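This report walks through one protein model for a reader who has not seen it before. Please look over the sequence and the structure first.

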Amino acid sequence: MKAPELTYNMCFAVPIVQTQYPKAKQLNPQLEKLFIERAGEGDKYRNPHMTGGKEGLFESDFNVFSWPDKPVQELRRFILSALVKVVADLNQFKQPELDRLEIFTHTWFHVTYNGGYTRAHNHPMASWSIVYCIDPGETSPEHPDSGILRFEDIRHLGQMYLDPANMHMVAPYGFGSINYKLEAGQLYLFPSYLVHEVAPYFGSRPRITLSSNTWFKMDES
């Protein structure tokens with residue numbers, strides 16, 4: 001019997017959006033210098049309420065986007081413009097809706113040292129989260145997963161039973177985590193409900209990233 005024609009519907013899709021800052025070679029060294037200096041000042045800029053599951057790193061407070069420093073404000077403009085485009089594209093907002101959007105952010109930086117990591121977590125009080133790579137640090141042939149950004153599969157029942165008919169499905173239908181080896185200047189935007197982690201980093205040069213949680217309100221006036 002001839003096989004029937006089939007329609008494959010991609011359901012329950014999760015957007016992980018990637019872009020690149022075109023002037024990263026000029027901007028990132030300025031950000032790196034600033035963040036290393038501020039990390040060196042210890043508690044002045046440290047997050048006093050850092051949650052568990054993070055080792056071998058400096059985490060700043062959540063006010064980075066309020067700093068007046070020009071490199072920070074340049075990066076802020078780029079990140080928010082990318083974020084607004086993502087929100088507009090995925091919600092099919094037109095300019096009137098965008099004009100009424102209010103954006104709120106918590107933004108911080110990480111300086112991760114040799115052996116440092118962040119365990120799996122998500123951000124339940126935000127809608128979109130962001131990671132920008134300033135310096136990915138060094139590569140390690142002995143540790144190919146060093147410092148990767150890993151997203152866990154949200155389909156927790158997907159692997160309850162595996163056999164030859166479902167364990168080798170092509171992307172995006174297969175199961176398992178999604179891993180990204182960050183490069184300088186890369187920006188990732190993703191839904192805040194996604195569980196993610198940073199694998200242990202191995203390198204003599206620090207790994208430096210900036211992260212942000214964002215949430216929105218629509219002005220109804």
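Between which two strands is the place of Pro172? Pro172 sits in the loop between strand E5 (149–151) and strand E6 (178–180). The peptide bond joining Ala171 and Pro172 is cis, with omega at about 5 degrees. Helices (H or I, at least four residues) and strands (E, at least two) are DSSP runs, numbered from the N terminus.

The model is predicted: local features need pLDDT of at least 70, side-chain atom pairs count only at pLDDT 80 or more, and totals for chains, interfaces and linings use all residues. Residues are numbered from 1 along each chain as its sequence is written, and side-chain values use heavy atoms, with hydrogens and water left out.

**Overall layout**

The protein has 3 helices and 9 strands. Starting at the N terminus, the order of elements is β-α-β-α-α-β-β-β-β-β-β-β. Taken along the principal axes, the C-alpha atoms fill a box of roughly 70 × 55 × 35 Å. Of the 221 residues, 41% are buried (buried means under 20% relative accessible area, exposed over 50%, partly exposed in between, with a 1.4 Å probe and protein chains only). Among contacts between residues at least 6 apart in sequence, 85% join residues at least 24 apart; contact means heavy atoms within 4.5 Å.

**Helices H1 and H2**

Two packed helices are described by the angle between their axes and the distance between the axes. Here the axes of helix H1 (residues 24–40) and helix H2 (residues 70–91) come within 9 Å and cross at roughly 125 degrees. That angle makes H1 oblique to H2, since angles under 35 degrees count as roughly parallel, over 145 as roughly antiparallel, 65 to 115 as roughly perpendicular and the rest as oblique. On the H1 side the contact is made by Leu27, Gln30, Leu31, Leu34 and Phe35, and on the H2 side by Pro71, Val72, Glu74 and Leu75. These residues divide into 7 nonpolar, 1 polar and 1 charged (Ala, Val, Leu, Ile, Met, Phe, Trp, Tyr, Cys and Pro count as nonpolar, Asp, Glu, Lys and Arg as charged, and the others, Gly among them, as polar).

H2 has 22 residues and spans 31 Å from its first C-alpha to its last, close to the 32 Å expected at 1.5 Å a residue; the expected span is 1.5 Å times one less than the number of residues. Its buried residues include Phe78, Ile79, Leu80 and Leu83.

Val72, in helix H2, is buried, with a relative accessible area of 1%. Not counting residues up to four places away in sequence, Val72 touches Leu31, Leu34, Phe35, Val64, Phe65 and Trp67. Val72 and Val198 are 126 residues apart in sequence, and 23 Å apart in space from C-alpha to C-alpha.

**Strand E9**

Thr214 lies in strand E9 (residues 207–218) and counts as buried at 0% relative accessibility. Leaving out residues up to four places away in sequence, Thr214 touches Leu83, Phe104, Thr105, Ala126, Ser127, Trp128 and Ile130.

**Positive phi**

Phe12 and Gln92 are not glycines, yet each has a positive phi. Phe12 is in the segment before strand E1 (17–20), while Gln92 is in the loop between H2 and helix H3 (95–100).

| Residue | Phi | Relative accessibility |
|---|---|---|
| Phe12 | about 55 degrees | 80%, exposed |
| Gln92 | about 55 degrees | 67%, exposed |

Definitions and conventions
Axes are lines fitted to C-alpha atoms, for helices over the stretch in contact, and angles run from 0 to 180 degrees between N-to-C directions.
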